[in-house]
Amino acid sequence: MITNALSSYQFYSYLITAQYTSDFNLNFIFQGDSSASWHLDDISLTPFNESNSELLVDGDFENSLNGWTLDCWEGCEIGSSGLLSMDSCHSGSMCYIDACTGAYDFLFQSVNLTSGNVYNLSFWLFLSAGGSSVSRAYINLQ
Ligand SMILES: [Ca+2]
């Protein structure tokens, strides 16, 4: 879980070992308020030491969210799932920002991982306006 106080883009990188062979959902779950937006860009998931073997589609959000599924919690107003933005992106023209106020919006993509293999997940994340006590980001692969 990542909380507030990201005054600029931060780079996150994790090594993950698949516990079994299956399709997994890579989930980004954001909770925010009306004053701040989570900005997400340049997501990468590759086999360890194979940085040219990208498993994700449109991890840089330059291709119209192709490959991604968006959703929002029922506590959000209808239609308030996240969206593409041209504001304060890490690279290129577009990035993903959350839009739900007070509850959660979701962004996920399915990837197939092989049992015992190690993967490197990385992404850039920025919270505009400093956020608040309700600004949280959850990232998981399940
Ligand atoms: Ca981008």
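Trainee: How many bridges join strand β2 to β9?

Mentor: This is a predicted model, so what follows is computed from predicted coordinates. Strand β2 covers residues 22-31, and β2 and β9 run antiparallel. Within this pairing N27 stands opposite N140 in β9. The number of bridges that join β2 to β9 is six.

Trainee: In what order do the strands of the open sheet of four strands stand?

Mentor: The edge strands are β4 (69-72) and β9 (136-141), each of which pairs on one side only. Neighbouring strands of this sheet are turned against each other by 20 degrees on average, direction ignored. The pairing is antiparallel, and the order is β4-β7-β2-β9.

Trainee: Why is one side of β1 and one side of β5 left without a neighbour in the sheet?

Mentor: These strands belong to an open sheet of five, in the order β1-β8-β3-β6-β5 with antiparallel pairing. β1 spans 10-17 and β5 spans 83-85, and both stand at the edges. One side of each is left without a neighbour because each has a single partner strand.

Trainee: What is the average twist from one strand to the next in that sheet of five strands?

Mentor: The sheet is the open one with the order β1-β8-β3-β6-β5. From one strand to the next, the twist averages 35 degrees.

Trainee: Which residue stands opposite W124 in the pairing of β1 with β8?

Mentor: Strand β8 (residues 118-127) pairs with β1 in the antiparallel sense over eight bridges. W124 lies in β8. Its C-alpha atom is separated by 4.7 Å from that of a residue 113 residues apart along the chain. The residue opposite W124 is F11.

Trainee: Is W124 buried or exposed?

Mentor: Not counting residues up to four places away in sequence, W124 touches Y9, F11, D41, D42 and H90. The cut-off for a buried residue is 20 or more other C-beta atoms within 10 Å. W124 has 20 C-beta neighbours inside 10 Å, so W124 counts as buried.

Trainee: What percentage of the residues in the protein chain is buried?

Mentor: The protein chain has nine strands and zero helices. Of its contacts with a separation of 6 or more, 76% are between residues 24 or more positions apart. The chain has 142 residues, and the buried ones make up 27%.

Trainee: In which strand is confidence highest?

Mentor: The protein chain averages a pLDDT of 88, and 89% of its residues score at least 70. Confidence is lowest in β4, with a mean of 89. The highest mean is 96, in β3.

Methods
Residues numbered from 1 in each chain as written. Predicted model: local features only at pLDDT ≥ 70, side-chain atom pairs only at ≥ 80, totals over all residues. Pairing = 2+ DSSP bridges. Helix = DSSP H or I, 4+ residues; strand = E, 2+ residues; numbered from the N terminus. Axes fitted to C-alpha atoms, helices over the stretch in contact; angles between N-to-C directions. pLDDT = per-residue confidence, 0-100. Buried ≥ 20, exposed ≤ 12 C-beta atoms within 10 Å, placed from the backbone. Contact = placed C-beta atoms within 7 Å.
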